[in-house]
Structures are given as structure tokens and as C-alpha cells.
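Open the model in your viewer and have the selection tool ready. The stops below are taken one after another, each with what to select and what is there.

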Amino acid sequence: MENQQTISNVFGKPIYQSSIDDYEKLNKDIIPHIESFVKEKPGSVAATTDVRGNTQYTDLEEAKDDLHLDKKYKKIFDQIKKHIKAFLKAKGYDQNKFDAHIIKAWATYTAKDQYIESHKHTASHFSLIYYVRAEEMGGVKFEEELAAQIGLFIPPTNEYITEWNQFNFASYLLEAKSGNIVIFPSILLHQTEVNTKKIPRISLSADVLLTMKKGIKTEHCIPHPKGWLTL
């Protein structure tokens, strides 16, 4: 998929996939840094540096979710920003009116037999995954949020479905590959598959918030932070 951009429609939501230019060199540069402060977490759930409770398994004194501001990751995030803009263009947003802000970015470290539990991000419009090291180490699965269903519906399970297709699927799996980037609406439930390899899977995750550009007034969207009053 190198340098190719694709967008899939999953449960009525867009999921963007592409790859980062020159990712092998960029990944080689940052893997030693990530492994210098992220350690394997005991148990079946992977370590993520944005959760304070995980820092007892790292060399961090507190949670670290500002990798997008770290100079060591500048080249990676310069590439990531290009893909965010491409995704927003494909969505049809007027980029003369909106600013996209990466509000947090963190590392995940998934050792053998570990995974990341089903969750969604509640403080952003879009989220992304960039795979630093992920060959045959388990992909990411997006899930339909059945608990939010209202009214009459038939649960999409093997008990009722004889043939799975694009009209009835309840989960969508994307295989992970080093150098790939995935961008998706933060509201989508997602989890990772178990890493069955002895080598830990490493990825970067980030949340993206859209605001109006400075000076643009709106009823429906978030104003630019320059106009906020912090108490």
C-alpha cells in the first residue's frame, strides 16, 4: 500500500489508510528512543505511555502523551500531518475555515500475548495509529457499538447470520504493517489483536481536534483556542 491512500466505509464512518514516506529510516531512528523508556507491562494488556498507571513499568515519572512536541519525532509528525490534511480533504472539509490540532500523542508497546482492549477516544474528532514495528504482530479491529442500538434490530452474530458480507458485518479488521498510518473517527470502538510474536509491536497513537480558524465565528463548531478564556 506504499504511498497509496484508501478510505473504507465502516459502519458509515470513514477509515483512512496509507503509508509514510521513508518509514524504514524514520522508524529505525525512533525505536531505540521508545525502547529506552517504555518497558514491557506484566499481564495481557499492552503498555501505553498516556496512562499514568502504566508509568510504573517505564522509566517515566509521569504519563507521556506529548510525543508530537518532541524534536526526536518531528520528521514522523511532519509526515503524519500531511496525511491528516489528505484525510480532511477527502472528507470535504473547507480547510480555509478549519484548523486541525494534534492534542496528544503517545506510544504503545505490545509484548507477546498482549493486546489493547476495546475502547474509543472521547476528547477528539479523529484518532490515528502509526505503526513503527508491526509485521505479523496483530492488526486493529473496529467494532459496531451494539450497546448503543435503539429500537428493533437483529444482533449480528453467528446465531442469526449464515453468510457474512458488507451489509451485516459487526467488526472490521485491518492488518498492521510497519510504516502504515490509519486515521479514523475517535468515536469508533476499536481494539488490537493479540501479538503472537516474541518481538513487541510498537506504534504511535494520536488524537486530532478540529477548531475553526482564528477569527471565524460559528454556531456549530469549536472556536479557535486563541479566543478561549482559561480559568
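Select Glu136: at 63% relative accessibility this residue counts as exposed, where exposed means over 50% relative accessible area, buried under 20% and partly exposed in between, with a 1.4 Å probe and protein chains only. Glu136 sits in the loop between strand 5 and strand 6; strands are DSSP runs (E) of at least two residues and helices are DSSP runs (H or I) of at least four, numbered from the N terminus. Its phi is positive, about 55°, although Glu136 is not a glycine.

This is a predicted model, in which local features need pLDDT of at least 70 and side-chain atom pairs count only at pLDDT 80 or more, while totals for chains, interfaces and linings use all residues. Residues are numbered from 1 along each chain as its sequence is written, and side-chain values use heavy atoms, with hydrogens and water left out.

**Salt bridges**

Lys197 is in the loop between strand 9 and strand 10 and Glu136 in the loop between strand 5 and strand 6, so the pair ties together parts that are 61 residues apart in sequence. Lys197 is partly exposed, with a relative accessible area of 33%.

How many salt bridges are there by this rule? The count comes to ten. Side chains of opposite charge can pair when their charged atoms come close.

Next, select Glu35 and Arg133. Their side chains meet in a salt bridge of 2.9 Å, N to O. This pair links distant parts of the chain, with Glu35 in helix 1 (residues 23-37) and Arg133 in strand 5 (residues 126-133), 98 residues apart. Colour the two by accessibility: Glu35 is partly exposed at 30% relative accessible area, whereas Arg133 counts as buried at 18%.

Then go to Asp50 and Lys104, another salt bridge, with 3.8 Å between the closest N and O atoms. Asp50 belongs to the loop between strand 3 (47-48) and helix 2 (74-91) and Lys104 to strand 4 (residues 98-110), so parts 54 residues apart in sequence are tied together by the pair. Asp50 counts as partly exposed at 21% relative accessibility, and Lys104 counts as partly exposed at 23%.

**Helix 1 and helix 2**

Show helix 1 and helix 2 as cartoons. Two packed helices are described by the angle between their axes and the distance between the axes. Here helix 1 and helix 2 pack at an angle of about 135°, with their axes 9 Å apart; axes are lines fitted to C-alpha atoms, for helices over the stretch in contact, and angles run from 0 to 180 degrees between N-to-C directions. That makes helix 1 oblique to helix 2, because angles under 35 degrees count as roughly parallel, over 145 as roughly antiparallel, 65 to 115 as roughly perpendicular and the rest as oblique.

Which residues make the contact? Select Leu26, Asn27 and Ile30 of helix 1 and Lys75, Ile76 and Gln79 of helix 2; contact means heavy atoms within 4.5 Å.

Step back to Asp22, in the loop between strand 2 (13-19) and helix 1. Phi of Asp22 is near 55°, a positive value in a residue other than glycine.

Strand 6 (residues 140-143) pairs with strand 9 in the antiparallel sense over four bridges.

**Last stop**

Select Glu219, in the segment after strand 10 (201-212). Is this residue buried or exposed? Glu219 is exposed, with a relative accessible area of 71%.

Technical notes
Two strands pair if DSSP finds at least two bridges between them. A salt bridge is a side-chain nitrogen of Lys or Arg within 4 Å of a carboxyl oxygen of Asp or Glu.
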